[in-house]
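Welcome, and thanks for taking a look at this chain. Here is a short briefing to read alongside the coordinates, arranged by topic.

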Amino acid sequence: MSYVHVNPGLNDHVGELPPNLSYLENLLSEILGRASVPALSVLGGYLAVMAYGQRRSWAIYVGERWQTLVVPLIGWNAIIILL
C-alpha cells in the first residue's frame, strides 16, 4: 500500500528500466497495490469481529475503541491545529 501512495520515482523512468524491473514495478503498483486496500478491509473487519466476540456487549466494545482510537485522534488533531 505504501508503494502506491509514495512514488519511489520508478514511474518517471519506466521506459529506461530493464525488462525484469518493469515487471517488478508492475507487480508492486498494479497487482499488490490494488489488492492492498481490499485486503486491509477484510483483515480489519475480521480482527474487529474477533475483538468484539471477546467482549460481553456492544457498549463495552465501542467504549474501548473510543478510548483507544477516537480520544488520541482528537487530542493529536487539536495539538496540530493549535500549532
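Let's begin with the rings: this predicted model holds three aromatic pairs. One of them joins Tyr52 and Trp58 in an edge-to-face arrangement, with 5.2 Å centre to centre and 70 degrees between the planes.

**Aromatic cluster**
- Tyr52 also pairs with Tyr61, again edge-to-face; here the centres are 5.7 Å apart and the planes stand at 80 degrees.
- Taken as a group, Tyr52, Trp58 and Tyr61 make up one aromatic cluster.

**Fold and confidence**
- The chain contains three helices and zero strands, and the pattern along the sequence reads α-α-α.
- Which helix has the highest mean pLDDT among the elements of the chain? That is helix α3 (residues 58–82), with a mean of 89.
- Helix α1 (residues 2–5) has the lowest mean pLDDT among the elements, at 67.
- A word of care for anyone planning calculations: where pLDDT is low, the predicted coordinates should not be read in detail.
- Over the chain, pLDDT averages 79, and 78% of the residues score at least 70.

**Surface and burial**
- Of the 83 residues in the chain, 8% are buried.
- The chain has an accessible surface of about 6900 Å², and carbon and sulfur atoms account for 69% of that area.
- Leu21, Leu24, Leu27, Ile31 and Leu32 together make a nonpolar surface patch of about 430 Å².
- One member of this patch, Leu21, sits in helix α2 (residues 19–53).
- Is Leu21 buried or exposed, or something in between? Its relative accessibility is 38%, so Leu21 counts as partly exposed.

Key. Residues are numbered from 1 along each chain as its sequence is written. This is a predicted model: local features need pLDDT of at least 70, side-chain atom pairs count only at pLDDT 80 or more; totals for chains, interfaces and linings use all residues. Side-chain values use heavy atoms; hydrogens and water are left out. Rings of Phe, Tyr and Trp (its six-membered ring) pair if their centres lie within 6.5 Å; planes under 30 degrees apart count as stacked, over 60 as edge-to-face and the rest as tilted. pLDDT is the predictor's confidence in each residue, from 0 to 100. Helices (H or I, at least four residues) and strands (E, at least two) are DSSP runs, numbered from the N terminus. Patches are made of residues with over 30% relative accessible area and no salt bridge: like charges are joined within 9 Å, nonpolar side chains (Val, Leu, Ile, Met, Phe, Trp, Tyr) within 5 Å. Accessible areas come from the Shrake-Rupley method with a 1.4 Å probe; for residues, only the protein chains shown count as cover. A salt bridge is a side-chain nitrogen of Lys or Arg within 4 Å of a carboxyl oxygen of Asp or Glu. Buried means under 20% relative accessible area, exposed over 50%, partly exposed in between (1.4 Å probe, protein chains only).
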